[in-house]
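Subject: Structure handover

Hello,

Here is the structure I promised to pass on. Please open it and keep it in view while you read the notes below.

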Amino acid sequence: MKAVETTIQLKFSLQRPPINQLTNQPSTKQHQKTIICNPLPSMHLLVFILLFLESCCVQLSEGNSLAVENLATNGLPFPWSKVRLPNYIIPVHYHLLIHPNLTTLSFNGSVKIGIDVKNNTNWVVLHSKGLKIISATVLDEHEAHLSERALSVLEYPPHEQIAIFSPRILTSGQKYYLYLEFKAALNEGFFGFYKSTYKTKAGETRVLASTHFEPTSARMALPCFDEPIFKANYTVRIRRGPSHIALSNMPLEQTVEIGNGLLEDRFKVSVKMSSYLLAFVVCDFTAVSGLTDTGVNISIYAAPEKWQQTHYALEAALRLLEFYEQYFNILYPLPKLDLIAIPDFQSGAMENWGLTTYRETSLLYDPDISSASDKLWVTMVIGHELAHQWFGNLVTMQWWNDIWLNEGFARYMEFVSVAAVYPELKVEDHFLDTCFGAIGRDSLNSSRPISSVAENPTQIKEMFDTVSYDKGACILHMLRNFLTDEVFQSGIIRYLQTFQYSNARNEDLWDSLIKTCSEEEFTAGDYCYSSTQGTKNVYGFAGEHIDLREMMHSWTQQKGIPLVTVKQQGRTLHIGQERFLKIVLPQEPLWAALQDGFLWHIPLTYKTSHSDHEIKHILTTKSDELELDGDVDWVKLNTDMTGYYIVHYDEEGWAALSKLLKENHSALSFRDRASLVHNAFQLVTAGRLSLDKALDLITYLKSETHNVPLLQGIGYLQSFYKLIEKRNITDVKHDLKTYMLQYFREVIDSQTWSDDGTVSDRKLREEFLSLACELHYPPCLEKAQQLFLSWMESSGRVSLPTDVSETVYMVGAQHETGWLFLLEKLLQLGMEGSLIKKQNLPTLIYMVARNPVGHFLAWDFVKTHWKDLVAKFPLGSFGIREIIVGTVTQFSSTEELKEVKNFFGSIKEQVSQLRVIHVATENLEKNIVWLHRNLETMRTWLQQRLNQKKSDQNKYIF
Ligand SMILES: [Zn+2]
């Protein structure tokens with residue numbers, strides 16, 4: 001699954017450092033005054049959202065209390081007490097018939113499940129949620145009924161399970177069939193078998209029905225053994241009317257007329273797969289199709305009027321699938337692969353085997369109106385879902401605690417595949433941002449290990465987070481650099497070969513990577529390494545024995561990120577490691593406890609002024625010493641930031657690197673420069689480096705030519721500005737604005753208001769013009785205003801350059817008439833669905849909260865509508881997490897922290913198991929601490945800088 005959070009990260013903060021939520025609320029009085037004086041868009045938007053919510057959201061049902069003695073709904077004891085199913089009944093083959101009615105918005109179905117019984121039992125326990133079970137039967141292997149009577153079915157909703165009682169014992173070693181008939185309404189949310197709608201240009205509303213099962217919602221569409229370990233074959237039949245089509249994982253085998261004007265589509269039997277990968281859609285879409293080199297038929301489906309936006313996705317999918325078949329050295333095993341744009345979709349996309357589903361914005365690309373980052377996003381999402389066809393679908397994690405084996409890999413393979421297939425998109429420029437994002441979360445105490453316990457559906461949903469995706473990808477990147485590309489690739493080929501159509505754990509991956517393949521296991525010699533070659537590659541890193549399993553456990557079994565400290569004395573480097581923490585300082589009492597037991601096996605790399613190649617060393621202890629091979633002016637650790645750790649130098653070390661950046665920054669790669677900027681400001685937040693040192697370090701940016709370090713540096717300044725603006729600290733706000741405009745004026749002035757250039761150039765333009773207008777730079781405001789007026793005068797018919805359109809809207813919306821016009825346009829656009837699609841609500845709330853005035857309104861809104869929100873966006877889902885983080889982390893005062901804690905305290909029973917609450921409040925604490933530690937330093941530094949500038953100017957005048 002592709003996390004939707006990434007969309008926001010990519011669109012709004014990909015280029016900004018993770019410190020981005022440094023914002024604050026003025027006192028209530030000031031706050032109200034500001035609202036009265038500034039009728040800003042956020043107010044209208046909020047009213048708008050309110051209306052929308054009133055019209056469509058349902059109330060959360062009450063009284064879902066947990067049964068103490070596991071009593072079924074009819075009061076009888078339920079025969080199974082655990083959240084996870086018994087392991088002695090194994091599903092082998094599902095024969096599923098589904099008939100959705102798009103008029104009554106309901107469906108009925110039947111399923112015959114072939115099961116293997118491993119222990120004698122009278123009970124079959126399986127998953128079912130929200131389904132009405134009409135009848136249940138157990139048949140023997142000859143399909144003869146075991147009982148004349150209808151069998152009783154017990155339901156236990158807290159565990160989303162049902163139990164079927166068979167009067168005759170099911171005997172160990174025997175095969176049986178379970179036959180169930182069921183019905184339900186199409187789900188109104190985004191999970192299970194759910195309803196989606198779209199509007200045609202003529203204004204007609206059309207309905208479709210689609211599925212989204214990962215992680216635990218297959219049970220909402222059919223009774224099933226809904227755990228990833230239970231892989232089975234599926235034979236699907238779908239009934240529909242003649243004006244619709246049906247799609248499922250496999251190609252159609254035949255269509256049969258069954259009377260009453262109905263047709264039944266019968267699909268080929270699937271490969272063995274987990275229940276969360278099953279999928280079906282009934283819709284009236286059209287498609288474009290093409291064949292890969294190896295004969296896989298790829299089709300892109302979309303609503304008929306969006307057909308012309310499907311062509312880019314087809315090209316990308318064809319090329320990326322061919323890349324993966326070669327890279328993994330395993331052919332894609334199905335005859336077809338569909339990619340379909342579903343109008344209502346909560347996450348970014350979903351990798352169902354053979355029928356991948358997407359948000360429209362993750363699949364459709366219109367060369368006329370889509371932006372550069374839209375193109376990059378679509379390509380990366382397709383790269384992600386296609387990688388899952390191997391990582392996740394072919395080989396699946398045993399249980400959700402290891403979901404990173406799916407998501408970390410897919411996230412990483414996005415970069416590997418897109419870099420290889422579309423080098424012009426320069427996707428690798430964005431990889432550092434992925435790791436910076438992971439570090440933002442991982443340097444808080446509320447983080448979690450990559451492999452974490454997750455038992456119930458809420459906990460499982462929360463596992464789809466930046467730790468699984470982004471940290472997972474960064475750890476794999478580190479490992480690949482450590483092992484070399486060839487050993488890494490041959491190791492994952494081995495892993496995929498060994499565990500295909502089966503399940504794997506963390507350890508299995510490490511074992512596959514360290515072992516090299518033997519000839520009898522593989523016939524394809526290209527990717528096979530002899531054990532001596534493999535050993536040489538791995539151990540050659542440090543010339544000593546390395547336990548890969550132990551090394552990788554230090555990254556997946558413990559949370560957090562290490563800080564490597566460096567002190568140079570003559571030719572000796574004194575190296576140390578500790579856990580990097582953002583809030584607690586070493587001199588505070590809590591420090592020791594938070595460090596206790598943390599130790600990583602860190603593959604260090606470094607460069608010096610003396611060496612033109614990187615030197616490697618593995619740090620497995622708390623401290624160590626390295627001998628340099630000559631006198632050096634500077635040392636830079638973590639070459640290209642391939643390692644997942646932060647580096648802190650001693651005073652001389654930082655001074656030498658700062659000097660190097662000023663005098664000859666191209667002596668370091670752009671990744672090294674970006675990582676220095678990043679590390680310096682992270683250390684400021686952690687109270688380890690003073691802010692003026694970091695600010696001095698980035699003064700070199702005036703001559704920086706690469707967008708990645710440039711945007712990294714400016715992103716920090718921008719986030720400080722937003723924080724100070726929200727706190728209304730007028731003198732510092734004024735000085736920081738003056739400084740930024742003076743300092744980056746050349747870059748700003750060199751931007752054009754167009755869509756020209758590479759993805760990277762266009763990203764730079766988007767960021768810098770939006771910054772300039774945010775800082776009220778007159779030429780920027782003038783130009784934006786002018787574009788907005790001509791756009792408004794043409795009733796929105798004149799098309800704006802895509803890269804700057806958000807900036808133009810933002811400036812235009814600062815005036816009442818402009819905002820009203822914009823709102824009207826937004827409404828028209830939103831009419832495609834019903835008003836605005838509810839899937840966009842979390843993002844809208846987040847956008848409101850980012851606004852200096854809106855953050856307080858957004859928080860009030862979340863509190864008032866909490867029940868409605870969790871009814872739409874289940875606890876643990878992407879949506880609710882985005883809402884919580886997006887609003888709470890805008891705050892930065894102790895009063896606000898208290899207020900936030902009070903609110904979540906009042907609904908403790910509901911949210912106590914949610915990690916995201918701890919993450920959000922810890923980010924808020926971080927904001928408080930940051931201001932407390934750094935405001936005075938910033939004030940003084942800016943005054944000195946601006947005075948210096950003035951006296952320089954005076955020199956010229958006199
Ligand atoms: Zn995914």
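Two strands count as paired if DSSP finds at least two bridges between them. Strands β22 (residues 562-569) and β23 (residues 572-579) meet that rule, because they share 8 bridges and run antiparallel. One of the bridges links glutamine 569 to threonine 572 in β23.

Please note that this is a predicted model.

The sheet around that pair

β22 and β23 belong to an open sheet of 4 strands. The order is β26-β23-β22-β28, and the pairing is mixed. Which strands form the edges? They are β26 (623-627) and β28 (646-649), and each of them pairs on one side only. On average, neighbouring strands in this sheet are turned by 25 degrees against each other, direction ignored.

The whole protein

The protein has 958 residues, and 49% of them are buried. It holds 31 helices and 28 strands. Take the contacts between residues at least 6 apart in sequence: 72% of them join residues at least 24 apart.

The annotated site

The UniProt record, an unreviewed entry, gives a "binding site" at His384, His388 and Glu407. These positions spread over 24 residues of sequence. In space they cluster, with a largest C-alpha distance of 8.7 Å.

Start with histidine 388. It sits in helix α6, which covers residues 372-388. Is histidine 388 buried or exposed? It is buried, because 25 C-beta neighbours lie inside 10 Å, and the cut-off for buried is 20 or more. Histidine 388 is in contact with Glu351, Asn393, Asn406 and Ala410, leaving aside neighbours within four places in sequence.

Now glutamate 407. This residue lies in helix α7 (residues 404-421). Glutamate 407 also counts as buried, because 27 other C-beta atoms are within 10 Å. Which residues does glutamate 407 touch, not counting those up to four places away in sequence? They are Phe464, Ser468, Tyr469 and Gly472.

A kinked helix

Last, look at helix α20 (residues 730-749).

Best wishes

Terms used: Residues are numbered from 1 along each chain as its sequence is written. This is a predicted model: local features need pLDDT of at least 70, side-chain atom pairs count only at pLDDT 80 or more; totals for chains, interfaces and linings use all residues. Helices (H or I, at least four residues) and strands (E, at least two) are DSSP runs, numbered from the N terminus. A residue is buried if 20 or more other C-beta atoms lie within 10 Å of its own, exposed if 12 or fewer, and partly exposed in between; C-beta atoms are placed from the backbone. Two residues are in contact if their C-beta atoms, placed from the backbone, lie within 7 Å. UniProt positions are given in the numbering used here, feature names are shortened, and annotations may be inferred rather than shown by experiment. The bend at a residue is the angle between axes fitted to the seven residues ending there and the seven starting there. Axes are lines fitted to C-alpha atoms, for helices over the stretch in contact, and angles run from 0 to 180 degrees between N-to-C directions.
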